[in-house]
Structures are given as structure tokens and as C-alpha cells.
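Let's take a walk through this assembly, chain by chain. Have the structure open and follow along.

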Number of protein chains: 6
Amino acid sequence: MQEIAIEHIVQELANIRESALQQRQRLSQPPKLPSRKALGQCVEWLAAALFPNRLGDPDIQANAINFYVGTTLDKALRELQHQIRLELAFKSPSEPINQFRTQAHNFTAQFSEQLPHIRLQLDTDLEAAYQGDPAADSVDEILVSYPGILALIHYRIAHVLHGLGLTIIARLMTEIAHSQTGIDIHPGAQIGDHFFIDHGTGVVIGETAIIGSHVRLYQAVTLGAKNFPKDANGHLVKKFERHPILEDHVVVYAGATILGRITIGKHSIIGGNVWVTRSVPANSHVTQAHSDAKPIPVAA
Amino acid sequence: MQEIAIEHIVQELANIRESALQQRQRLSQPPKLPSRKALGQCVEWLAAALFPNRLGDPDIQANAINFYVGTTLDKALRELQHQIRLELAFKSPSEPINQFRTQAHNFTAQFSEQLPHIRLQLDTDLEAAYQGDPAADSVDEILVSYPGILALIHYRIAHVLHGLGLTIIARLMTEIAHSQTGIDIHPGAQIGDHFFIDHGTGVVIGETAIIGSHVRLYQAVTLGAKNFPKDANGHLVKKFERHPILEDHVVVYAGATILGRITIGKHSIIGGNVWVTRSVPANSHVTQAHSDAKPIPVAA
Amino acid sequence: MQEIAIEHIVQELANIRESALQQRQRLSQPPKLPSRKALGQCVEWLAAALFPNRLGDPDIQANAINFYVGTTLDKALRELQHQIRLELAFKSPSEPINQFRTQAHNFTAQFSEQLPHIRLQLDTDLEAAYQGDPAADSVDEILVSYPGILALIHYRIAHVLHGLGLTIIARLMTEIAHSQTGIDIHPGAQIGDHFFIDHGTGVVIGETAIIGSHVRLYQAVTLGAKNFPKDANGHLVKKFERHPILEDHVVVYAGATILGRITIGKHSIIGGNVWVTRSVPANSHVTQAHSDAKPIPVAA
Amino acid sequence: MQEIAIEHIVQELANIRESALQQRQRLSQPPKLPSRKALGQCVEWLAAALFPNRLGDPDIQANAINFYVGTTLDKALRELQHQIRLELAFKSPSEPINQFRTQAHNFTAQFSEQLPHIRLQLDTDLEAAYQGDPAADSVDEILVSYPGILALIHYRIAHVLHGLGLTIIARLMTEIAHSQTGIDIHPGAQIGDHFFIDHGTGVVIGETAIIGSHVRLYQAVTLGAKNFPKDANGHLVKKFERHPILEDHVVVYAGATILGRITIGKHSIIGGNVWVTRSVPANSHVTQAHSDAKPIPVAA
Amino acid sequence: MQEIAIEHIVQELANIRESALQQRQRLSQPPKLPSRKALGQCVEWLAAALFPNRLGDPDIQANAINFYVGTTLDKALRELQHQIRLELAFKSPSEPINQFRTQAHNFTAQFSEQLPHIRLQLDTDLEAAYQGDPAADSVDEILVSYPGILALIHYRIAHVLHGLGLTIIARLMTEIAHSQTGIDIHPGAQIGDHFFIDHGTGVVIGETAIIGSHVRLYQAVTLGAKNFPKDANGHLVKKFERHPILEDHVVVYAGATILGRITIGKHSIIGGNVWVTRSVPANSHVTQAHSDAKPIPVAA
Amino acid sequence: MQEIAIEHIVQELANIRESALQQRQRLSQPPKLPSRKALGQCVEWLAAALFPNRLGDPDIQANAINFYVGTTLDKALRELQHQIRLELAFKSPSEPINQFRTQAHNFTAQFSEQLPHIRLQLDTDLEAAYQGDPAADSVDEILVSYPGILALIHYRIAHVLHGLGLTIIARLMTEIAHSQTGIDIHPGAQIGDHFFIDHGTGVVIGETAIIGSHVRLYQAVTLGAKNFPKDANGHLVKKFERHPILEDHVVVYAGATILGRITIGKHSIIGGNVWVTRSVPANSHVTQAHSDAKPIPVAA
């Protein structure tokens, strides 16, 4: 039998790690990143605190509900504060981790003040889903079963954290939702109230997109960048405004692709599978020129 | 350090919950919903009872297999009965929960009688996958690895429950599959035998779609509604027939979008990325007019 | 109350299983398949051994890292060897399982030797993601959060196993990634270094596709087969070369569909939502003829 | 190979169950008992509510502690109420379970009112342990490490439930402590404050024992019944007063056995391994007549 | 800071293991032992199959009970067979493990045939507990709460396995009960029906003890060996008959010690804390000469 | 129905906590204690590192064993270091926790150096068990099944920590073993090599006991303090030498009680149930004067 040379493989992998660190001019013991698993738990707790009966403990008694919300918040915010400290330390690896304690505490406090606002926004999103889907019977069902709502819970929490500069945590949170729903919303995007995504698989909303209120998207809609300019050194230019603006009451049907820093005027409708790279005035209806292909009889 | 004012946030969230309940004219202690997690377990048990060696306990001995099926069914049906009672109570919150016991029992009994039929249908779906995919080596591999089959197991179980009026449970079950596979089949859709979805991510099949037998779909196919009429009060009209009918032996390639209550005649082929909103006679082949764009040399 | 006739259903299901086995001329006790759950654990351990700080134990101390890699490899390779034995036995059910022990050991040894190479390839993929995404801040973040990387870790491991003829294990591994990311890469596909998939939901890469180095794909790109020829008996011909070849430095934007054994020449760019079924010379830019539909004002 | 005849064994076991039910003139589907596992969880939650920092969540923040206590109490009392309903139904199997709902609720309410008193008693027990053990450094350590305290937490909770007539639940709770500590206190025993059991393994305190305040016991002390009178039919007479009374400030050293309804007067000391079956006046010191055996040289 | 020299400690421990193996003239890779954890699970499953409603799944429905018993037996016997193979291989390390497969299968079959008998014996033990304890209210409560019954379930299963020569498995099973109950019964002991151990902590029953039917023991009773003769080489002689025989209807009160191959005649009563090393005729009552020490007033 | 007044109980419990803190003049947020659960895990890891095949991963391959030991040590020592920091902080609550980091690190390093010595000592204990128990077949069985060995693993680890002043951690570790085995060894006791405890339930070894090498104890042996002198304020004097010294080769049979700072000379034998409070010269055999009580015929 052929030998399984574990020692040898371990040594080869160690050599590769070593040279990778040298190449990136990195410390031999790189700082920890925030933990995807811990952040997943954190969002679950925050969602439970926001909607205790539906996303928390359904058996909770009426006179214990505030106790439950308080306990769950306490767990969620402690964990979040710990993860924030890790992100701060990761981004400034040369400074001692303890000095980030106060900063992490303050970020956590600022985030926590936004929770009532996040709940109010999500209530508008639930309302929009109920109004927008002929198959929906009640707001409660939407809350527990619609992937669009799951994605928005993650996004609305992550967006507040992204606004505080906690970009890694924010991204990990929206990627958790991406994995569960197929909906990929960058936490940097700005999204108004009464937002509804139906079905949702394949939706992509880019980092600098701006979406008004009462907007509705269907599956496989992309709000993307048109091109990726490079700087003098041939590197991609990062972080500039490159995604579309959708004004209030815009509807975008399945598979439509909207690219670049263009504006879709309010109350416009973008048809399915349409490709849009130029701005559209308000109250427009954009559809494919020849929306239906001709059927050709199959040869017998 | 800034204070994290948990008591204050708890109180604010309580106020929001209170006013949300008032707005919806709801009871202060809303009835429980069926549990997504419990229903996920339930479908796993039912799948294990249907395919004990492949989706249940692979180490089970031949002379214990019926014991295993019986035990697993018992667990699955007890849990299902409990979830059905919750759905019945949720929909009639003013009646006492105990009167739903008999009704839940009877629904469970009716559902359980359909299990052999569900198994037979899934066997035809497995056969269709084996016949339809050049990459498939055996029916067994398909059962354990193809997302289309996972989605159909959930759908075929959920569809029977939807037919009994248990719409919330049915929807939760298909959403579980949606999250795992990216395939979104509404439990109300009617789907014949020998159905095959390849790859599957992004497939959407709407509530009133009707699909014949021996139909094959590829990834990102939408069988959707064309428009959403509103009633006199400006509310969406719910539950009317608005999705396509696919007759027997239809094939729909990746990314095609078929919208509205139209009929795709039997043995027709709908090409990839095609957009169809009008009925198509039998034996048609629908493709894009100019299927290939022209390549333009990139400027040096 | 209606009876829930468990004994009766168990018997019916047993009858169906019996006749299904007869139909497929199968043994009454079919051989076991490799376990999806065990393989999921196996890939997690391998990923942890490849990237111990980021995908393994973030708290590990510097002087314990090689111990960790060795232990994790040992667990992963033991499990893999067991699963390989199952696949070998499944494919030759009439031979006694013990004779596969040596063969499974040798396959495991051959696979293990490729691990350093796999790590080096993944390092190029990480580099490509960092270079290719304006939103990316560091290689570390990409490793823990990008679905494209998760899919590639599964693919690159599975591809080596596929090359050893372990097709079931390989397929189960890539389906695990498909479920988590919406990216469906067949383990038989050949993919060069510096490969980057952005967003990724809905990407499908077929069994015989060949992808050069420095290639970049966006969400919902299909590299598929154009048609499925049947043999004289009306059965699909299996395993022939039917998917595209993408040469080095090709970029394919979101929603593009490339079908058949065609070649996209190096440095070409395929635009979003484009449908390509003919070969394209090097340095081409393929876009939709009329990329933007006309906006029509909505009637008041 | 010899057959493993599972069907045959199952049938034999079914026959035995059947005849056992007939012998005991029992229903074919006997009522459920309270669950040992659920009650173990219940006591853990109650202990966490009583001592939130030490036996609950040590990381809890000061401003969240009351939330934590409320949530934990809510979970504990809901579970307890469910278990009480099971005990009530078990004891009156012919009545419908729903009528026990109110009764179970009321018992739970009565029990919950005693929780502050239980905490106060346990504080005196902790104080007694600290005063009584030369090896003890702090009250906190005692709370988390002394088996005597673990046994008393279970006993003091169980005793209140025993007083409400919930004898099965009470007994299960003290048996959980018995298993973990080797200390077997019947929940019917009456025990005053400042009670301390050191080491504890093998201590047995019978159903009708009465223990004053400031009493101290060491390991392997038995407070038992002397004999078991039978009634006219030869059956044991149940539930009569048959265990000792220990007045305040009594100390009983390791291995002493005190049997029958006798009284050990206050401030008495019972020496190790002593056997006592007659009452002892206050302020007595009872030791073995010849406490030390003679050493005999071992023959070379 | 002082270095934590993990590599160095690992090397030192490796050296110690190496020299320990050399000293015992052992193979470098010693054969595996049966697993304590797996055997604990195995006994739990067997107990559930023997008493499905009380020790298995209390929610099981009447028409599913035989399915449950069959499934649980199947799991238990498969695991047991695997553990038996390990014990056989451990005891004959030079032979290949596969040849033990048939032998393990046969032992499992022989064991399984004893299960109905084990259930019948345990029914007599339950009856004895009910008759023997004034505090017992029902047989059901005894089954779920009495440590003596838990110990007997483990002992009666282990004793059958011990009789088949599977001494390691048998010992591990009774040690599991010892840890949970403080009752230490060697699986080689022979114990008749209607056996009752009350309280039980500290009971020790030696390897060659023989106990008739209708025997009752209280806590801390030892049925031990009197002395340990050595052979010519100064090693202890192993496995000879060295523990007491208790005939039918004997009662032994708490703390009594009975040592050596002596016989306690039927219907005898051995008092608490008594030390017995000589045989006792039938119908005797053995008590301490001066059972009560004199109380001495404590000096003021 | 009676109200369950959770808010009221929470408030009462808060008041009690408040007044308890005031009484003990304690901080409002008391420092954390080391965690019993974490320390249980820690000892399991250390035991696995000491005996990797038997108490670690039995499936580990020969060429991976040192990797396993290193990884397991790393996990164990990291956790231990964290727990040590908690104990240091608990004992000096007014100092900031970060200053204990270096001290905890150094204690962990000192402890880790003792691990090879601990392994060597435990090897002598295993040898003594094998030599001392006629029922033992192999050293391996003893390691996995004897409670005495489990207790000694915990004690020998805890004793080293106790020697470093880490009394809380040490005590928690031995209490974990106490709960599992009924053997209560204070970590401060000094115990030589080749130590064997048979059966073990009820053994108590006090804080200042000193035990030579080649000593053997049976179940329910107490090595205790004779009396507890009080200081001028009526408080117990703590920590003075108050437990027995057992010289080399002493054997103490079941139930014997040895109290006070006395010396049992080497090669002495203390008989079962004997009570010893005075020193005994070497080579003595101490038994009860009248070891056997007279049997009295039971009246007909």
C-alpha cells in the first residue's frame, strides 16, 4: 500500500503558508477575523428581539415578553461587541486589542439605538410584501417564510453597521442571507422603506446602489456596475459610485439588468429580462422591443 | 463610555409591537404559527420513510426496514398533526384550540394515505432525471445529490397538504427547499409525473401553473404571472389563474421566461433566455430571433 | 375520527420498494452510497487544513498550528478513505467490500499528495478575487465571505477526486457547494488558476467545460450543452464533449449563456445576458445588438 | 450464521407487555409520566433564576440581569406547568387531560411564590457550609462546587412541590441530585435552615425525617426507618412516620446510622459509624464504646 | 513570559508511550477497545426496546409501538455487534478483525434471544421494589426514578454478555450504572429474580457472588472478598470463588459487610453496619451485639 | 386562574440579591468564577493528550498520533490559561483583569511541564490496579472502566494546580470526578505512586492527608479530620494539618474511618469498618475486636 505521508504534507502546507505570509508582508500570526458563525447567531438573536413571538420563542407568555427581549438583546449585543473588537483589531493589527474595547462598546451602543428604527422599517417591508404578492395571506406568514424578508432583516442590520465603518461584519451578515436566499445585497447599498423582493433568487444589489421607497424587485434582477475603470497602475479603482439609482415606486421584473450610475425615474416599470444602461425618466415603461420570439414548428 | 440602554430599547420595541397590533386590530397574544424548523424535520422524516435506505438510515438491516419505516412515519405524522393543529388555530384564532384536534387528525390521516402515491410519482421523477441528464450514472446518485429531486420531494408532499387547505404549512415546506436549492415551486402548482429540473437555481413556478407529464426545465426558468390586476379599492386581486400551462413533453431551456395564463402545447421546446407571453401550439420550437450577438474586436 | 393506518401504509411502501427493485433488477439489499453529510464534514476538515487560521480554529497558537493541520488532515483522510471504499463497493456490488480497502487507501494517498497544489491554486483564486472586485478590502475577508471561493474550494478538491474516477463523491461535494452558494460547477470541468466568480448565484459550469487561467464570471452565467443527441435506442448519449472552452483572460458578464463545444478566444469579453452558440475569436467583445430597450411613457 | 430474529423478539416483547398490562388491570395506552430529562432542565433553569451570575450566565451584564431572571423563570415555569399536568393526568387516567390545565396553572403559581423563600433558605445553607468547612474559602466557590449545595437546591425546590402533592415530580428531582452527588434526600423530609452536608456520598434522609436548623451531616449518614410493619394482608404499611427527628444544632459524623421515629436532642453530637435506634437527650455526645480497635503486629 | 513548549511536551509524552509499549511487549498500534460511550447508548436503546413507553418515546402511538421496538432493537443490536467485534479483536490482536464478524454476529443473536427473559426478570424486580418500599406509589414511578432499577437494567443485560465471555463490554456496562447510581455490581455475579436495592449508594456486589430470589439490599452493603491469596510468584490469584452466597428471601440492611465465600441461609436478616465473615444458618437475624452506643452529656 | 406574577418574583429576587451583596460587602457586579463545565472539558482534553489511543480518538492513525497530542494539548492549555485568569481575577477583584494575563500564562507553562510526570505517575497507578484486583484482565480495560483511575486522573492534574495556588480550579476538577465516581479526593492531599482505589464509592480523602506509595484503599474509606477547633471568635480554624498520614504499602479495607493527624505505619492493614483515631505502628493489622455478630434465630 502507498504511504499517506501526513508529516510530509503538513510540512509542505507550512512552507506554502510561510511564503504566502512573506509575499503579503504579513505578521506571522495574523489577527483574527470576525466569525461568520458568531455573526449568524448574532443576527438570529437580533431578529428574535425585533419579532419575539414570530422569530424568537413562540411559546413565550405575554407577561414574559419584555424579559425575553431584554435577555436576547443582551446576548446579541455582547456578542456583537466582541465581534466589533475583532474587526477593529484586524484593521489595525499593530495596536493592542484592549484599546478597542471602548470603541467597540460605543459602536455597539450606537448600533443598538437604531434597533427600533430597523423594526419600523421592516414593518413597512412586511406591509409591502403583503400588498405586492397575490399569493400572500397574512403578514405573519410572510415574516416566517419569505426569503426576501430574511434578506432584508440581514441587510437592514448590516447597513447600520456598515455606516459605522464595520464593513467586514456587515458583509459577512449579508453573505449569510445570500447563502440562505440567493439574494445578494451589498450592505453599503441604500434602500428606502416599503421594499419588496419577490422570489428573489439571483437578485444582486451593488455597493453604491440607491433605492427609494415603495420599490419592488423580482428574482434575478441585477443592479450592477457597468464597467470597472483601472487606475494608472492597472489596478481597479475601488469604492466609487458605480451602481444605479431607483427612485420611489419603481418596479423591476424578473431577470432585468440595470447597470451603471444611471437613474430610473419614479413610478417607472422595467420589464423582465430587459437590459438597461441609460437613465430612464419618471413614469416610463421599459420592455424588450420584440418581447415574444416566433414559434417554429418542429420538424416531424 | 456611552451607555447601552437595554431597558430603554426594550421599552421602545414594546411600544412598536403594541401599536403594530392595534393597527392590525389583532389580539394582544397572537396565535402561534406552524414552525419552519419542525416542518423541516417532518419532511426529512417523511423522505426517510419514502426512501429508507437512501434518505433514512443507510446501515439499516433488511429485516428491520419495515420497523424503521413505521417508526419514522409515526414520528413524522405526530409532528405533522401538531403543526396542522397550529395552522387551523392560527386561521380561526377566536375558537378554542382543542376543537381542532379531530380535524387535524383527519387531515393527517388523509395526507398519510397519499404517501404511496407520492413515492410512485417521485420514482417517475427519478427516472426522468436519469433519462434526461447525460451526466447521470445511476438513479441512486440522483436521489442523494440532485437539487431538483430535493425540491420535488418537498413540493409533492406540500402539494397534497395545500390541497387540504393547509396553505401555510405547504408554503413553509417549499420555502425550505427554495433555500436549499434555489428552486421556488409554489405548493399550489399542479405538476405531472416524470418531471425533471436540471441544475435548478433560479427556477420559479407560480401558484396556478399547470405542468403536464414528462416536462423538463433548466435553471432560471420562470413560469410567472404577467400582470397583477387591482380591484376597485386598489388592492391586488388574489388567487386568480395567472400562470402558464405546460402540456406534456414540453422542454424549457435555461433562463426562459413564460408569463401569464398561456398554454405551451405538447412536445414544444422553449429555447434559452426566451421571453414568452402568448400561447404556443403543440410541437413548436421557440428561440430568440437573433440568437447570437456579433463579436466586435476589442480596440487595442 | 379517521384511522391513521400506519401498518397499511408501511406495507404499501414495502410493496413499492419491492417492485422498484425488481424493475431495476437490483439486489434486495442495495449497497450503501457515500454519505453527503460525511463528505460535507470531510471538505470542512480539508479546508481547515488548507487554511488553518481562517477556516479552521482562529484561536490556535502559532506553535500548535502544524499539530492542528496534521490532526485535521488525519481525520479528513480517514473519513475520505471510508467514503471512497463505499463508492468503490457501490460500483461493484457483487465483490466483497474488503477488497476495496487497499484501493481506497491508495486513492486517498494519491489525493492527499495534491493538497499542496490545491492550496496554491486557491491562493491564485483569492488573488484574482481581490484584483477583480472593487468592493474587496483584503484577501482574508474574501476567504471567509465570498461564495465564489467556497464553491472553488469544493470544486478544486472534488476535481482531483473526479480525476481518480470517484465521480459520486466528487459530485456530492460540488452539490454541497451548489446548495450553499447557488454556484453549480460539475467536478469534471477543467478550470485554470486565478479564477473568479463574483456574486455567483445561478452560475452553471458543465461537465466537459474547459476554462483557462485568469477567467472571470459573474452571476447567472451558464456554460452549458447546446443539445442532447440520442443514440439508436432513443437514449441520451452520455459523457461526450459538449460544453464550451474559455481561453485565458476571458470575462463573462452576468446572465450570459454560452452553449455547446465552442471556443471563446483569449482576452474576449462576453456581455451580460448575451446568448452565444458559435465560437468567438480572441480579443472579441460580444454584446447584445440593441442593448437598451426604449422607455415608453406610462399612460396617465 | 445464526439468524437475528428481530420480528420474533418484537412479538415476544409485545406479548409480555400485553400480559403485564392485563395483570395490572391497566389501560392499553398507559398515561405518560413526567419526564426526568425535562425536570432536570427545569431545575437548572430555576437554579439559574435563583443565582443568575453563578449558576446562570456568568457573562450577563448588570443592566440585563433582571431580564435574564424573568426569561429563565418563564421557561422554567412553563415547563414545570406542563410536567405538573402530566402528573395530574397520570394519577387520574380516566379523566380528560384538559381539565388539569387550570389546576396545573394554579400549582405553578403557588410554587413560584415560594421561590424567594427558597433563595433565602439556600443562602443560609451556603453560610452554614462556609462556617462549617475549614477547607472553604468563599461562599461563591461553595455554590458552584459543593455537592451538598447541589443536593439542597434540588431538595428545597422538590420539597415545595411535594407539599403540593406533586410527589412524582418531586421524587424525580431529588433522584437527579442523588445520581449526581450520591446524596439521597426524600422530598418529603422536613429540613430547617443553615443545613450543611459535607462530602455527602451515601447520605440517606428518609421521607418522614424532620431536621431542625443549623444541623450538620457528613458522608454516609443514614436517617432511616427501623422496621417496616405489614398490614393484615402482608403488605407494607405506607407513609407512616418512621424516620428520626434531629433538633437544632445537631451534628452527625460520617457513617452514623440513626433509625426509627426517635429524637436526637438539640446540640447533640453523633459520632462516626455509630448506630442509634433510641432517642438521645439534648447536648449528648454519642460515640462508639471502643472507638479504636487494637493493632496486631502482622506475622513476619 | 515563560514559553509553553508544546513540541517538547509532545515529544516527552511520545517517549513515555514508546517505553510503556516496550515494557508491556505490545504492538506499536494497540487494538481498539469497545467504546464506553457507544455501550452507554446501546444500553439506553435496549432499555427503550424493553420498556418502550417508559424508557423509550413516551409520545409513541399505540399502533406504532412494535415498529418502535423493532427499530430500536435493530440499532442497539447493530451497535452491540460492532462492539463485540472490537472486544474479540482486542483479545486476539494478532488475528485479522474480519474473522470475528461471524462470531460477533452469533454472539449478538444469542444475546438477543435472552431479551424477553431479561424483561420478565426486570418485571419481578419492579414488583419487588413496589412491595419493598413504603414510599413507592406505583411501578411506573419506580421504573423511571429508582437507581436500583437502573443498575439492574445494566446488570441483567451485562450478565448475559458476561456469560458469553464478553467480559470487557459487560464490565463497561455495569460501570456506567455505577457512575450514575453508586451501585457497583460485577457483571459476573449471579442474581435471582425479585431483587431490590433501596437507595443503593455504595453497594458493592463482587464477581462470584450468588444471590437467590426475593433478596433485598440497602445502601452501602458490601458482598466482598475476604482476602486475596497470592500464587507462588506473589501475584494475586484471579477469578476463584471468593464472594458470599445469599439464599432466597435474605434481607441485608444498610452498611452491612459480608465477606468471603460464605452462605447466608434463606430468610435471614443481616442488620445494619454488621460485619459478617462466617456462614449464617437459615432464618437467622444478625445484629450488632451492642447496637446502641451510650450518649454522654457534653460538658458545658 | 391564579396569576403567575413573574415581574413580582423577579423583583423580590433582585431585592434578595441586592441585600446579600450588601451583607457580604461585595461589588454589585461580582467577578466571574472559573467554569465547572469548561474545566470538565479541559480535563478530558488533558486525559486525551496523556492517553491518546484510549481516552482520546481510538481511530487515530499511528503517524498522526503526535499531531493529535499537540492539538489536544493546545486546546486544553488555552482553555486552562483562560480559567486561571478568571481565578486570579476572582481573588483580586479590584485589579484589572489584563494584568493577570502574564501570570496565567506562566502558571499554564509551569503546569504543562508537569504533564509527563503526571503520565508516569498514572502509569504506576494503572499497574497497581492491575496487580491489586483479581477481577482485572488488562491495564487497558482498567484505564477505560475503573472509577478509581478516573478519580486519580482528575486528582493528579488538580494537585499540580493546587500546588500553584489555583485552589478553586483544582477543587472544581476533583468535584467533577466526585460526581462521576463517588470518590472525593481533596486536591491538596499528597498521594504517592502506585495508588489504587477499588470500587471507590464513598471514599473521602481530606485536604492535608499524606499517602505514601503502593497504598490501596477500598470503598467508603474516610481519611478525615477528628475535630474542628475554633478560634477566639468562634470561627473554625482553617487549613491546619488535620488529616492522617498513611505510609507506604498500607491497605485500608472498605468502610474504615481514619481520623486526625495520626500516622498509619508502613505495611499496616486496616480492616473493614474499623474506626481509627490513634497512630498505628508499621506492620500492624487493625481489625474490629469482635468482627462477627452472633446470628439469632428469627422467631417463627
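**Where the chains meet**

Chain F and chain D bury about 5,200 Å² between them, and 56% of that area is on carbon and sulfur atoms. Keep in mind as you look around that this is a predicted model.

Who takes part? Chain F brings 60 residues to the contact and chain D brings 66 residues. Now zoom in on the charged groups. The interface of chain F and chain D has 1 salt bridge. It joins F:K32 to D:D59, with the closest N and O atoms 2.5 Å apart. Besides that, 9 residue pairs, both at pLDDT 80 or more, are counted in polar contact between chain F and chain D.

Which elements of chain F give two or more residues to the side that touches chain D? They are α1 (6-23), α9 (167-181), β13 (275-276) and β14 (284-286) of chain F. The largest share is that of α1(F), with 9 residues. As for the kinds of residue on this side of chain F, you'll find 25 nonpolar, 20 polar and 15 charged.

To find the spot, look for D:P295, which stands opposite F:V286 in β14(F).

How are the two chains placed relative to each other? Turn chain F by 120°, shift it 0.0 Å along the axis, and it can be laid on chain D with an RMSD of 0.0 Å. The two copies are thus related as by a three-fold rotation axis. They don't present matching faces, though: the copies use different surfaces, and 7% of the contact residues of chain F recur in chain D.

Next, hop over to chain C and chain B. Here 60 residues of chain C are in contact with 66 residues of chain B. The buried area is about 5,200 Å², with carbon and sulfur atoms giving 56%. There's 1 salt bridge between chain C and chain B, formed by C:K32 and B:D59 with their closest N and O atoms 2.5 Å apart. The polar contacts across this interface come to 8 residue pairs, both at pLDDT 80 or more. On the side of chain C that touches chain B, α1(C) gives the largest share, 9 residues. A pair of strands meets here as well: β15 (residues 295-297) of chain B and β14(C) are antiparallel over 3 bridges, and B:P295 has C:V286 as its bridge partner.

Some chains don't touch. Chain A and chain E have no contact, and their closest C-alpha atoms lie 14 Å apart. There is also no contact between chain B and chain F, whose closest C-alpha atoms lie 14 Å apart.

Finally, look inside chain B.

Note on methods: Residues are numbered from 1 along each chain as its sequence is written. Chains are lettered from A and ligands numbered from 1 in the order in which they are written. This is a predicted model: local features need pLDDT of at least 70, side-chain atom pairs count only at pLDDT 80 or more; totals for chains, interfaces and linings use all residues. Side-chain values use heavy atoms; hydrogens and water are left out. Contact means heavy atoms within 4.5 Å. Buried area is the accessible area (1.4 Å probe) that two parts lose on being put together, summed over both. A salt bridge is a side-chain nitrogen of Lys or Arg within 4 Å of a carboxyl oxygen of Asp or Glu. A polar contact is a pair of N or O atoms within 3.5 Å; within protein, one must be able to donate a hydrogen and the other to accept it, and residues adjacent in sequence count only if both atoms are side-chain atoms. Helices (H or I, at least four residues) and strands (E, at least two) are DSSP runs, numbered from the N terminus. Ala, Val, Leu, Ile, Met, Phe, Trp, Tyr, Cys and Pro count as nonpolar, Asp, Glu, Lys and Arg as charged, and the others, Gly among them, as polar. Two strands pair if DSSP finds at least two bridges between them. Copies are superposed by least squares on the C-alpha atoms of residues with pLDDT of at least 70 in both.
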